[in-house]
Amino acid sequence: MSQKTILIIEDSADLADSLEDLLNLKNYKTLKALNGSDGLRMTLSEHPDLILLDLRLPDIDGRKILEEIRKDVWGKDAHILIITASDIIEENLLDLQISPTDIIYKSHCSIEDLTTRISDALTS
């Protein structure tokens, strides 16, 4: 089985580094973007197996990134998990093929839960 690639789009460098370390320990290849512009560019050029996307980014809103990804032929079926610190209205993401189960709240998610949800997303 080939190594899966996960793109982390997260503006907190500390959190992005921690996620990268955790995923590398689980034998995933990781890519990292600390802003939305780089994240969108990397998504469309690298076609990762999974994207971990923060919604609140300094340059481009995460919803806008989702819209751009979904416009791409490859991106229509891309696996994306939203990682957010804010309360969001989950119904606002349904049109972008993000279900409530694809949303991870930073304050309510353990490491075990996060790794399980990543594994589940990669096998669906």
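A salt bridge is a side-chain nitrogen of Lys or Arg within 4 Å of a carboxyl oxygen of Asp or Glu. By this rule, the count for the structure above, which is a predicted model, comes to 7 salt bridges.

**Salt bridges within helices**

| Pair | Helix and spacing | N to O distance |
|---|---|---|
| Asp38 and Arg41 | H2, 3 residues apart | 3.8 Å |
| Lys64 and Glu68 | H3, 4 residues apart | 3.2 Å |
| Glu68 and Lys71 | H3, 3 residues apart | 3.1 Å |

In helix H2, the spacing of Asp38 and Arg41 amounts to about one turn of the helix.

Lys71 reaches 58% and so counts as exposed, the cut-off being over 50%.

A network of salt bridges links Asp17, Glu20 and Lys32.

**Strands S1 and S2**

Strand S1 (residues 5–9) and strand S2 (residues 29–33) run parallel and are joined by 5 bridges. Within this pairing, Leu7 stands opposite Leu31 in S2. Together with helix H1 (residues 13–25), the two strands make a right-handed β-α-β unit.

Is Thr43 buried or exposed? Thr43, which belongs to helix H2 (residues 36–46), counts as buried because its relative accessibility is 0%, and the cut-off for a buried residue is under 20%. Beyond its neighbours within four places in sequence, Thr43 is in contact with Leu7, Ile9, Pro48, Ile51, Ile69 and Trp74.

Asp61 is placed in the loop between strand S3 (50–54) and helix H3 (62–71). With a relative accessibility of 47%, Asp61 counts as partly exposed. A polar atom of the Asp61 side chain lies 2.9 Å from the backbone nitrogen of Arg63. How far apart in space are Asp61 and Ser37, C-alpha to C-alpha? The distance is 9.8 Å, while in sequence Asp61 and Ser37 are 24 residues apart.

Notes:
Residues numbered from 1 in each chain as written. Predicted model: local features only at pLDDT ≥ 70, side-chain atom pairs only at ≥ 80, totals over all residues. Heavy atoms only, no water. Buried < 20%, exposed > 50% of the residue type's maximum accessible area, 1.4 Å probe, protein only. Contact = heavy atoms within 4.5 Å. Polar contact = N/O pair within 3.5 Å; in protein donor to acceptor, adjacent residues only side chain to side chain. Pairing = 2+ DSSP bridges. Right-handed = clockwise from strand over helix to strand, strands pointing away.
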